[in-house]
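Welcome, and please open your viewer. Keep the selection tool at hand, and we will walk from stop to stop together.

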Amino acid sequence: MKLIPVLLATTLFAPGASIDPGKEAINFLEKVRLGKIDLTPGGDTALSPQTADEKKREIAKRLERMARDLGSDPLELGAVRTDEDYAAVLVRKVGGFDPSRLQVFSVALVKRGTEWSAAPLPASFENAGTGYAITLRKRLDALENWMLREQVVDLEKLREQSAARMRQKIEGRLSNEELRGFDTSEAVQRFLQACAQQDLPTVLGMLGGLSTTLPDDWPARLKSADAAMSAGLQVKRPWRLLMSPEVLRVLVHQETEDDHGLFSVACLDPASGGTGAAAPRIEVVHFEISKTDDDFWKIDPPDAFLRHDEEEVAEEPDQESDADLLDAFPLKWQESHPAAPQAEASLLYQAASTALQSGDLPSLLRLARLDEDPAAARKACTTAAQIWWTLHGPGIVHHAMPLAFHEQERVAAGLYQFFSAREPDRTELKALYFEKSANGWLWTPEPPAETREKLATQLSPAIKQWTGHWQKTLLADSYELIEINGSSAPTQEEARTAVESWIQTTRAADVKASLLLTARLADPKGGAAVLRNLGHEISSARRAGVTSQVTGIYQGEIWTGVGVEIQQGGKTTYPFYPVIRTPKGLRILIEIDLFASRGREFLNKTALERLQKLGGPAAADDLRPLFVEFQKQVGSGKP
């Protein structure tokens, strides 16, 4: 009978049965993977105030390692065991189908009052201030031993179930009947479509995942495809050639004999030229296709697709043996993406300007002339891709700003400034040449020398005119504040909407849309400050792992200030955006860049003095106390 209280006090629950400790365990691990764990006593863990600093550093390092193990895969609650005010929780990392990526994490929790709090170390109540009473220590040892034992058992169970889970997921997208009914062309197209859509279950099905007898190299197929799909937009080559939305790809060859076949895909990757002056290249990837014992068509990728290395697989294409297939790319591309010639040169200039700014490479290539000899057509494709990548690659943000258009008989040219967010004051003028063909006007990415010479006399004066003076045209979208008065400050909701739109447009690197949200002071030299700050905001917003949220809104008579918290790489900054109502709508004065961060006192003072000089004392006096309130909120002191 003495055992009954113990049995009642210690209970084992199935996943989801114990909501409070289980939910807190998952919340704890989510904070760990984001690097947002507060390890101060009373923070995000049950860390004891008596924990030495050296031990805290050791705990922080262990949690950093755990964050790397957690990765980005989803978490689900496993078994939970409680003993009065103590709990042990198993949390599973699932996602994908590669058994080696599955993991189980153990979290110890302590209840303080009505709240559960995670112990700072995994699978341990150490440094959680639990005390050293012998009877309690035995109970906690039992929970710790259960976590260590069940973690291994549960992981093995997960891995045993992974094959069944994988098959179930595949069958939800691709049935045996469908596979058996495909001819070779349908099988190839389904595989390529699934890769482009990053549809892992279908890709695995086409690689043989539904076969009664899996391919001999199935672990490599599963691991490599799973890793590629998990990488998303950061997928490495050669899977990038089939998966990235930036890559243009066409089927250029297919042959079948009995139960075996071969197909070849030509791929134009805009990024393959690197960051230097080299143009991208067209590459051909060859796949075999064969029938399984189940009478399914199965895709057999080359060895390069089955490697799972940390480094990107980059092999030089065989240009000589694949020459005819490389030459087929432009023709095959236009079969599925017909050219879009324009009736007039000016309409082509407008269409090219839109395509350059939209980030849609296929739309840009449809405006290009590809009906010349194969070598010239290939060169036109790679040149178009190189120009597009200059504007839309993940590195420096550029914006193609149309400046001038010139037409002469059957040739024309459009002049653009390629605005750089990193070097906003730099002049980088580029001309696109257009020619009239039998069907209308088309862009010639590689124009002949006579076309350049014919338009040189018109372009030279335009280049001279716009060098150093293009900023005025770009800044036309930014409203100039000739007079600042207190007619009506934006409401808090209006100001929030304006700043959230600003965050979205800068993250999207949309220069024109961002400038349409700005105002600038009436200062001939102020435009440079606007462009510099815009460039900085766009570059910062596009960095990996950046999160932004509005944390405070402060309304005055002229301005409504919006405070934002930005986190990136473990650092936090607090920009403050002044929003004003203008005849053109709400605008943000980004050249007055205020940050409620320590070490910014001098720069903040200089910015407010600039506002007072150019906008008037009333404008500065209205904004200053709003900024001070924001500084108090984030605890950075006064300016």
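What follows is a tour in short stops, each with something to select.

**Before we start**

This is a predicted model, in which local features need pLDDT of at least 70 and side-chain atom pairs count only at pLDDT 80 or more, while totals for chains, interfaces and linings use all residues. Residues are numbered from 1 along each chain as its sequence is written, and side-chain values use heavy atoms, with hydrogens and water left out.

A few words will come up on the way. Helices (H or I, at least four residues) and strands (E, at least two) are DSSP runs, numbered from the N terminus. Buried means under 20% relative accessible area, exposed means over 50%, and partly exposed is in between (1.4 Å probe, protein chains only).

**Stop 1: strand β3**

Select residues 86-93, which form strand β3. How many of the residues of β3 are buried? Eight of its eight residues are, so the strand is mostly covered. In a regular strand the side chains alternate between the two faces of the sheet. Here, Tyr86, Ala88, Leu90 and Arg92 point one way, while Ala87, Val89, Val91 and Lys93 point the other way.

Strand β2 (residues 75-83) pairs with β3 in the antiparallel sense over seven bridges, and Leu75 stands opposite Lys93. Strand β4 (residues 103-112) also runs antiparallel to β3, joined by eight bridges; there, Leu109 is the bridge partner of Ala87. Between β2 and β3 the hairpin has two residues, and Glu84 takes a positive phi near 55°.

**Stop 2: a four-stranded sheet**

Next, show β6, β7, β8 and β9. They make an open sheet of four strands in the order β6-β7-β8-β9, with antiparallel pairing. Why is one side of β6 (248-257) and of β9 left without a neighbour in the sheet? Because both stand at the edges, each with a single partner strand. Neighbouring strands of this sheet are turned by 25° against each other on average, direction ignored (axes are lines fitted to C-alpha atoms, for helices over the stretch in contact, and angles run from 0 to 180 degrees between N-to-C directions).

Zoom in on β8 and β9, joined by four bridges. Glu288 stands opposite Asp300 in β9. In the loop between β8 (282-291) and β9 (297-300) you will find Asp295. Its phi is near 70°, a positive value in a residue other than glycine, and Asp295 is partly exposed at 38% relative accessible area.

**Stop 3: two more backbone details**

Most residues other than glycine have a negative phi, and most peptide bonds are trans. Select Glu409, in the loop between β10 (398-408) and β11 (411-420): its phi is positive, near 55°, and the residue is exposed at 59% relative accessibility. Then go to Pro238, in the loop between α8 (218-231) and α9 (239-243). The peptide bond from Arg237 to Pro238 is cis, with omega near 5°.

**Stop 4: helix α14**

Select residues 449-466, the 18 residues of helix α14. Where does α14 bend? At Ala456, by about 55° (the angle between axes fitted to the seven residues ending there and the seven starting there). Thr451, Leu455, Leu459, Ala462 and Trp466 are buried in α14. The buried residues of α14 pack against β10, β11, β12 (429-437) and α15 (471-474), where contact means heavy atoms within 4.5 Å. After the helix comes Gly468, with a positive phi near 80°.

**Stop 5: Ala519**

Ala519 lies in strand β15 (residues 519-521) and is buried at 0% relative accessibility. The C-alpha atoms of Ala519 and Ile588 are separated by 5.6 Å, although the two are 69 residues apart along the chain. Leaving out residues up to four places away in sequence, Ala519 touches several others, including Ser478, Tyr479 and Leu589.

**Last stop: the cysteines**

Cys195 is buried at 0% relative accessibility, and Cys381 is buried with a relative accessible area of 0%.

Conventions
Two strands pair if DSSP finds at least two bridges between them. The expected span of a helix is 1.5 Å times one less than its number of residues.
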